[in-house]
Amino acid sequence: MSNPLPDPFADRPDWAPLPPRPVETVPATGGAELRGRRVLVGLPGLGWRGDLRADERVVQGSRTYVPVIPEHEWYRAESEQVEVFAPLVPVERVWVETIGERPSPTAPTASGIRLVSLDAPNRRPPTPVFEADAVTGRRVVHVDSGVERRDLRAVTETYSGADGDICVRVTPELEWYRWAWRGQAPTTLEIPVHLLWLE
C-alpha cells in the first residue's frame, strides 16, 4: 500500500486492544524443553533461518545437538504419526522462540531505519495487520478481550466483510500446512483487522 491507513488507535483510547506480547529468541543452550518449540538456526554474523521446530536435545560424544524439522514436516509428523528426517544442528547454533513481556505503553516507538546486531536473531515487535503490505501466509496473533490466540496463519489479504468491517480470514497452522500436503482446504475464521497482529 502506498498510502497506509491512519491508525484508528493512535492515542490508544481505553477500548483499543493492546498488542500481543512480542516473540523473543533465547539460546537453546539454556535448559528449556525444546520438543515442538519454534526455533531459528544460523550463525552470528551470517544469518538465520526460521519456520522450524525442534525435538529434544541429543548428546553424541561430547557434543549436544538439536534435531530440527521444517515446520510443515513437524505438523505432518505430529498429525499423521509418521517419522520425518530431522538434521542434527549443534545446540549453540539454535535459538528458541519465547513469548516476551509486553513493553510499557510509554515506551517510544522507533521509526525509520532500525539497525540490529548480527550476534543473535532479531525479532520485530508485533505489527498491526492494517499496517502491513501483505499478510497471506504470515503468522498472525488474534487478540480479543486480552486473550492471545497464536499459531494462526492469514489465508487472505484484507477485504471488506459482510458487515462492512475490514477483515482477514485466518486458519490454525495445522490446517494451513495440511492444505499443502493433502490439498484439503482449511476451515477459516473471519477476524476484524483491528484484532490481528503480525507475529
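Which strand gives the largest share of the lining of the second largest pocket? The points below answer this and describe the setting.

1. Basis. This is a predicted model, in which local features need pLDDT of at least 70 and side-chain atom pairs count only at pLDDT 80 or more, while totals for chains, interfaces and linings use all residues. Residues are numbered from 1 along each chain as its sequence is written, and side-chain values use heavy atoms, with hydrogens and water left out.

2. Pocket. Strand β3 (residues 47-54) supplies the largest share of this lining, four residues. The second largest pocket has a volume of about 480 Å³. Of its 19 lining residues, R123, R124, R138, R139 and E199 are the closest to the centre. (On a 1 Å grid over the protein atoms alone, a pocket is an open set of points where a 1.4 Å probe fits, with protein on both sides within 12 Å along at least five of seven lines; lining residues have an atom within 4 Å of a point. A volume is the space filled by probe spheres set on the points, which are joined across faces, edges and corners.)

3. Helix α1. Within α1 (residues 71-80), E71, W74, Y75 and A77 are buried, that is, under 20% relative accessible area with a 1.4 Å probe, protein chains only. Seen down the axis, these buried residues fall within an arc of 160°, so they line one face of the helix; the arc is that of the directions from the helix axis to the C-beta atoms.

4. Chain. The protein chain has two helices and 14 strands, taken as DSSP runs (H or I, at least four residues; E, at least two) numbered from the N terminus. Buried residues make up 36% of its 199 residues.

Key:
Buried < 20%, exposed > 50% of the residue type's maximum accessible area, 1.4 Å probe, protein only.
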